[in-house]
Amino acid sequence: MIPEHDRDDETPNSTLTAERSPALRDLQARMATLNVAEVVHELGRLGATDRAVAFRLLAKDRAVEVFEDLDPALQAELVASLHGHAAAIFAALDPDDRAALLDEVPAGVARRLLAALPPDEHAATTALLGYPEDSAGRRMSPEVVAVPVGTTVGDTIAQVRAAGDDAETVYVVPVVADGRRVRGVVSLRRLVLTDPATPVDAVMSPATTVRATDDAEHAANVVRDGGFVGVPVVDGEDRLVGVLTVDDAMRVLEAEDDEDSARTGGAEPLRRPYLSVSVLGLVRSRVVWLLMLIVAASLTVGVQSYFEDELAQVVALALFVPLLIGTGGNAGSQAATTVVRASAVGDVRTGDVARVVGREMLTGLLLGLTLATVGVGPAMLVAGPAIGLVLALTVVAVCTLATTVGSSVPLLAKRVGIDPAIVSAPFISTFVDTTGLIVYFSIAKAVLGI
């Protein structure tokens, strides 16, 4: 049984604590043995109603920790079930977490949650909402400990101790000049190991900063690539407005990776745990792409219809159409996926198009030669030397074409401001299928004289 003093004071919804079924008590006991990350994972596996019940069984402090780590879409669902307790949970969040949640809830709910905040928390949250949705400003924390140039190490440590509970991180402390312009940063480790009388600017390091209007993925890559615990975020006049911490940066990169993976596979990102998505939600995430690909695939049917006479004269040509379509599509998808990933992690830039296309063209040529060498023998046995030659030449041409298109389209899309993942594997596969058939029948006409 739950101790009496825990029932009303420690749970977000005391109405659940008066009478609890054995099943609920078992659920609460099981969650008590899990850490926060494990509870978050388990909640993501539950349906909406069960998730709401399970969340209400958590102690208040633990509930806030769990709520902070949930996906914003799941947070929004829970807010609807928490009723009067939603405002308390919302107020306990960091400003950047509040901003993410407000993007998911209806406008009326957002207004009520904001109105219930203390004035200083309201100002901090609305300041973040003023930045573009996918910007670093929306993901940063405005709660940062900063010290002026000339402050001693001892005084800096004292300020960290005084304000540390309210700050997102104390492991990196920005050093600012007049107007809160960032002049450097100093790590907590350096502060602890330095004589307290030393001026902090004597031990600070040059600051790597990002602008609040920068794309969130770019800012997150800066944090990851530099191995930083956090980076100061500045406005257009280089004034400190917040800090982007490594945990928030990793969340940004994880979300971007999920988005790229989904679109590369021809679907929209779910933006929430799989088991928490309804069947209709899964359908919506995939159906638009499938409809687009059906329309695109009709081009392949049109090509086959156009070469109907050639197929009638040499029926054996039809035997190898699935093989060529599969080979070209796979080669193009491999190239596209490789380039999209390399672009996402900063290994490849839009200015590298010529170098990337040259490398992938040669790669495709060598792949085609390898596959043609392996496949020409069986093809000759099945359909004769002439068809085998047609197939070998087509495989080389299709692989070269596929890797060229697969590597160039994502980079060109990124240059004009389109998400490369949108035009990657499914689109490229369909394009290569159509053009590959044109190449196939054209080579067949030339070699076979049909």
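User: How do the residues of the lining of the largest cavity divide into nonpolar, polar and charged?
Analyst: This is a predicted model. Residues L324, I325, G328, V398, V432, D433, G436 and L437 line the largest cavity. Glycine counts as polar, and both G328 and G436 are in that lining. The lining divides into five nonpolar, two polar and one charged.

User: Which element gives the largest share of the lining of the largest cavity?
Analyst: Two helices each supply at least two residues of this lining: α18 (321-344) and α21 (425-448). The largest share is four residues, and the element that gives them is α21.

User: How much space lies in the largest cavity?
Analyst: A search of the whole structure finds one cavity of 30 Å³ or more. The space in the largest cavity is about 30 Å³.

User: How many helices and strands does the chain have?
Analyst: The chain has 450 residues, and 45% of them count as buried. Among contacts with a separation of 6 or more, 67% join residues 24 or more positions apart. As for its elements, the chain has 21 helices and six strands.

User: At what angle do the axes of α3 and α5 cross?
Analyst: Two packed helices are described by the angle between their axes and the distance between the axes. Here, helix α3 covers residues 36-44 and helix α5 covers residues 60-69. Their axes come within 9 Å. The crossing is right-handed, and its angle is roughly 65 degrees.

User: Which residues in α5 do V36, V39, V40 and L43 in α3 meet?
Analyst: The α3 side of this contact consists of V36, V39, V40 and L43. By class, the contact of α3 with α5 has five nonpolar, no polar and three charged residues.

User: Which residues are the closest to the centre of the largest pocket?
Analyst: About 1,400 Å³ of space lies in the largest pocket. Its lining has 42 residues. Those closest to the centre are D71, P72, R251, A255 and R271.

User: Which element gives the largest share of the lining of the largest pocket?
Analyst: Several elements give two or more residues to this lining, including α3, α5, α6 (72-82), α14 (216-226) and α15 (246-264). By class, the lining has 17 nonpolar, three polar and 22 charged residues. The largest share is nine residues, and they come from α15.

User: Which element gives the most to the lining of the second largest pocket?
Analyst: The second largest pocket has a volume of about 470 Å³. Of its 22 lining residues, the closest to its centre are E217, N221, S343, A344 and K414. Three helices, α14, α15 and α18, each supply at least two residues of the lining. The most, five residues, comes from α14.

User: How many nonpolar, polar and charged residues does the lining of the second largest pocket have?
Analyst: This lining has 22 residues. E217 and K414 are among those closest to the pocket's centre, and Glu and Lys count as charged. By class, the lining has eight nonpolar, six polar and eight charged residues.

User: Where is R180 found, and is it buried or partly exposed?
Analyst: Most residues other than glycine have a negative phi. Phi of R180 is near 60 degrees, a positive value. R180 is found in the loop between β2 (172-176) and β3 (182-187). Its relative accessibility is 39%, so R180 counts as partly exposed.

User: What is the phi of D238?
Analyst: D238 lies in the loop between β5 (230-234) and β6 (240-245). D238 counts as partly exposed because its relative accessibility is 38%. D238 is a residue other than glycine, yet its phi is positive, near 65 degrees.

User: Is V233 buried or exposed?
Analyst: V233 lies in strand β5. Buried means under 20% relative accessible area. V233 has a relative accessible area of 0%, so it is buried.

User: What separates the C-alpha atoms of V233 and R211?
Analyst: Leaving aside neighbours within four places in sequence, V233 is in contact with several residues, among them M140, V210, R211, A212 and L244. V233 and R211 are 22 residues apart along the chain. The separation of their C-alpha atoms is 5.5 Å.

Definitions and conventions:
Residues are numbered from 1 along each chain as its sequence is written. This is a predicted model: local features need pLDDT of at least 70, side-chain atom pairs count only at pLDDT 80 or more; totals for chains, interfaces and linings use all residues. Side-chain values use heavy atoms; hydrogens and water are left out. Axes are lines fitted to C-alpha atoms, for helices over the stretch in contact, and angles run from 0 to 180 degrees between N-to-C directions. A crossing is left-handed if the near helix is turned anticlockwise from the far one by less than a right angle, and right-handed if clockwise. Contact means heavy atoms within 4.5 Å. On a 1 Å grid over the protein atoms alone, a cavity is a set of points where a 1.4 Å probe fits but cannot get out, and a pocket is an open set with protein on both sides within 12 Å along at least five of seven lines; lining residues have an atom within 4 Å of a point. Grid points are joined across faces, edges and corners, and a volume is the space filled by probe spheres set on the points. Buried means under 20% relative accessible area, exposed over 50%, partly exposed in between (1.4 Å probe, protein chains only).
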